[in-house]
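User: I'd like to learn how to read a fold from its coordinates. Can you walk me through this one?

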Amino acid sequence: MAPDEAVVGCTGRLLIGTRGPAGPGEVLVRVRGGTETFLAWSDAPLEQGSTVLVIESRGTRQVEVIAWTDPLLGDGTGDAR
């Protein structure tokens, strides 16, 4: 399956934490006016509930993610300054 370029640059929340090179987790991504789930791969383990940024689509509903803190949310707690 071809990569899904619409998801690259979107943010999401990990439903199941990633294990780095040991295996994927699962991410719920806000895309196309709704939410969709994808297998989420990362270089380092990321905890369940973490906010992530999709940096690459691997196709077949798999994405590469990194930890993400929205710079518009102030201190990273979700409380705007």
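User: In what order do the elements of the protein chain run from the N terminus?

Analyst: Helices (H or I, at least four residues) and strands (E, at least two) are DSSP runs, numbered from the N terminus. Here the order is β-β-β-β-β-β-β, with zero helices and seven strands. This is a predicted model, where local features need pLDDT of at least 70, side-chain atom pairs count only at pLDDT 80 or more, and totals for chains, interfaces and linings use all residues. Residues are numbered from 1 along each chain as its sequence is written, and side-chain values use heavy atoms, leaving out hydrogens and water.

User: Which strands pair with S6, and in what sense?

Analyst: Two strands pair if DSSP finds at least two bridges between them. S6 (residues 51-59) pairs with S1 (residues 11-16) in the antiparallel sense, over three bridges.

User: What does the hairpin of S6 and S7 look like between the strands?

Analyst: Gly-59 stands opposite Gln-62 in S7. Two residues lie between the strands, and Thr-60 takes a positive phi near 40 degrees.

User: Is Leu-46 buried or exposed?

Analyst: Buried means under 20% relative accessible area, exposed over 50%, and partly exposed in between (1.4 Å probe, protein chains only). Leu-46 counts as buried because its relative accessibility is 16%. You'll find Leu-46 in strand S5 (residues 45-46). Across the protein chain, 32% of the 81 residues count as buried.

User: What does Leu-46 touch?

Analyst: A contact means heavy atoms within 4.5 Å. Leaving aside residues up to four places away in sequence, Leu-46 touches Leu-14, Gly-17, Thr-18, Val-52, Val-65, Ile-66 and Ala-67. Take Ala-67: its C-alpha is 7.2 Å from that of Leu-46, though the two are 21 residues apart along the chain. For the whole chain, among contacts between residues at least 6 apart in sequence, 40% join residues at least 24 apart.

User: Why does the radius of gyration of the protein chain agree with a compact globule?

Analyst: The radius of gyration is taken over C-alpha atoms, and the globule rule is 2.2 Å times the number of residues to the power 0.38. With 81 residues, that rule gives a value near 12 Å, and the protein chain has 12 Å, so the two agree. Along its principal axes, the C-alpha trace spans about 45 × 30 × 15 Å.
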